[in-house]
Amino acid sequence: AQRLLLIFKIMREQHGYEMTLLEGYRSPDRQDSLARMGPNVTNAKAFQSYHQYGLAADCAFVHGGKIVISERDAWAMKGYTLYGQVAESVGLHWGGRWKMLDLGHTEWRKPGVIR
């Protein structure tokens, strides 16, 4: 949580992006429900995601009082790139480096949590 708050602070103060948390902890039932929606949503079943351990967050930008998630928005895409750089600079893994891009996702990988 502290790393994420630091990221939000850096994004706001240094880059002018307000951010919000969409989802952090995710129950195993919710994870399985998302997995049933198919690989375009997630490949991870229950306990295969850092969300179940409170070590992952899905975030988005707030612009003009509205949440902006779109990958078609050039402003948001610039923000996602900055978000990834800032997240990695504080030791988190960013979903923007994955084969299936998850630009708003970050996670703190702790050894032995997921096998």
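Of the 115 residues in the protein chain, 41% are buried, where buried means under 20% relative accessible area, exposed over 50% and partly exposed in between, with a 1.4 Å probe and protein chains only. This is a predicted model, in which local features need pLDDT of at least 70, side-chain atom pairs count only at pLDDT 80 or more, and totals for chains, interfaces and linings use all residues. Residues are numbered from 1 along each chain as its sequence is written, and side-chain values use heavy atoms, with hydrogens and water left out.

The protein chain has three helices and five strands; helices (H or I, at least four residues) and strands (E, at least two) are DSSP runs, numbered from the N terminus. Their order along the sequence is α-β-α-β-β-α-β-β. The radius of gyration, 14 Å, is close to the 13 Å that the globule rule gives for 115 residues, so the protein chain is as compact as a globular protein of that length. The radius is taken over C-alpha atoms, and the globule rule is 2.2 Å times the number of residues to the power 0.38.

The table lists values for the protein chain.

| Property | Value |
|---|---|
| Span of the C-alpha trace along its principal axes | about 35 × 30 × 25 Å |
| Accessible surface (Shrake-Rupley method, 1.4 Å probe) | about 7,100 Å² |
| Distance between the mean positions of the 15 positive and 11 negative charges (Lys and Arg positive, Asp and Glu negative; His and the chain ends not counted; placed at NZ of Lys, CZ of Arg, CG of Asp or CD of Glu) | 3 Å |

Carbon and sulfur atoms account for 52% of the accessible surface. Among contacts (heavy atoms within 4.5 Å) between residues at least 6 apart in sequence, 55% join residues at least 24 apart.

The largest nonpolar core has 21 residues, and L4, I7, M11, M19, C59, F61 and Y83 touch the most other members. Such a core is a set of buried Ala, Val, Leu, Ile, Met, Phe, Trp, Tyr and Cys residues joined through side-chain atoms within 4.5 Å. At least two residues of this core come from each of α1 (2–15), β2 (56–63) and α3 (74–89); α3 gives the largest share, six residues. Residues up to four places away in sequence aside, L4 touches L21, A57, C59, Y83 and T106.

D32 lies in helix α2 (residues 28–36). Its relative accessibility is 27%, so D32 counts as partly exposed. Apart from neighbours within four places in sequence, D32 is in contact with K45 and A46. N43 is eleven residues from D32 along the chain, with 9.8 Å between their C-alpha atoms.
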